[in-house]
Amino acid sequence: MSISTSTLTRGAAVAAALAGLAYIVIQFIHPADAVASLSTQPWAVVHILSFSEAVLALVGITGIYLRQVRQFGILGLIGYLMFGFFFILQSAFTFAEAFIAPLFVSDAPQISMDFVGLFGRYAAVTDLGPLAALPQVGALLYIGGALLFGIAVIRARLLSRGAGILLIAAAAATPIAGALLPHALERMAAVPMGLALVWLGFSLFSDQRRNAAARRVSANRADLDSVAK
């Protein structure tokens, strides 16, 4: 089977859509960030799913960026890099939550709790060193990256502008939800972000189908012209 640019782009579109769906589902099944949860099967399942979602999202936004690289410009490049680094950070953190933090539950439960509670707005008892800055760095990359990426999508005018607007709205809603809602409800701010990723993936897939159809029409016309001559 030959692997073409169109095939890779469609694969990235599917990855973005799957990442968005996973991101939505995770918010409804995530167990409590508590020591008692760390050794349970739901904890492992959710964080393996979160790791997979982050990897798929990185593949997805890379395909979306490459499809519009000329139209994105510097602003879009910065947005892509910020958003991409967020998903790299998320994949590393959720991998540690799934496979590393549970190993210390018996011998050092407080360290495990402080680590997994970094993004749960729990005050750490132990000194986590540079890891303590992860929530601030992650928020900057997530919100800033999504805002710039969404603006670039709108300006590029190749994929759905509605998806770009939803991405911006989801990013803007995140700090508001964090300031006004408890952590359990704050998670729901991720739902519109997931929907935006699904929408972008669908838009990219549809774009590739239109391009493929246009290429077939052009090829048929070229064949007819050559026969007529």
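Me: How are α5 and α6 oriented to each other?
Reply: In this predicted model, α5 and α6 pack with their axes 8 Å apart, at an angle of about 160°. Angles over 145 degrees count as roughly antiparallel. The two helices α5 and α6 are therefore roughly antiparallel.

Me: Which hand does the crossing of α5 and α6 have, left or right?
Reply: Two packed helices are described by the angle between their axes and the distance between the axes. For α5 and α6 these are about 160° and 8 Å. The hand of the crossing of α5 and α6 is a further property, and here the crossing is left-handed.

Me: By class, how many nonpolar residues has the contact of α5 with α6?
Reply: On the side of α5, the contact includes Y142, I143, F149 and I154, and on the side of α6 it includes R161, I165, L167 and P175. Of the residues in this contact, 3 are polar and 1 is charged. The number of nonpolar residues in the contact is 14.

Me: What pattern does the protein follow along the sequence?
Reply: The secondary structure comes to 8 helices and 0 strands. Read along the sequence, the pattern is α-α-α-α-α-α-α-α.

Me: What does the C-alpha trace of the protein span along its principal axes?
Reply: The secondary structure behind this trace has 8 helices. Along the principal axes, the C-alpha trace spans about 80 × 35 × 30 Å.

Me: How much space lies in the largest pocket?
Reply: Rolling a probe the size of a water molecule over the atoms shows where empty space is left. The space in the largest pocket is about 910 Å³.

Me: Which elements give two or more residues to the lining of the second largest pocket?
Reply: The second largest pocket has a volume of about 200 Å³. Its lining includes T5, L8, V59, R67 and Q208. The elements that give two or more residues to this lining are α1 and α2.

Me: How many polar residues has the lining of the second largest pocket?
Reply: Among the residues of this lining are S6, T9, T62 and G63. By class, 4 residues of the lining are nonpolar and 1 is charged. The number of polar residues is 6.

Note on methods:
Residues numbered from 1 in each chain as written. Predicted model: local features only at pLDDT ≥ 70, side-chain atom pairs only at ≥ 80, totals over all residues. Heavy atoms only, no water. 1 Å grid on protein atoms, 1.4 Å probe; cavity = no way out; pocket = protein on both sides within 12 Å on 5 of 7 lines; lining within 4 Å. Points joined across faces, edges and corners; volume = space filled by probe spheres on them. Helix = DSSP H or I, 4+ residues; strand = E, 2+ residues; numbered from the N terminus. Nonpolar A, V, L, I, M, F, W, Y, C, P; charged D, E, K, R; others polar. Axes fitted to C-alpha atoms, helices over the stretch in contact; angles between N-to-C directions. Parallel < 35°, antiparallel > 145°, perpendicular 65-115°, else oblique. Left-handed = near helix turned anticlockwise from the far one by under 90°. Contact = heavy atoms within 4.5 Å.
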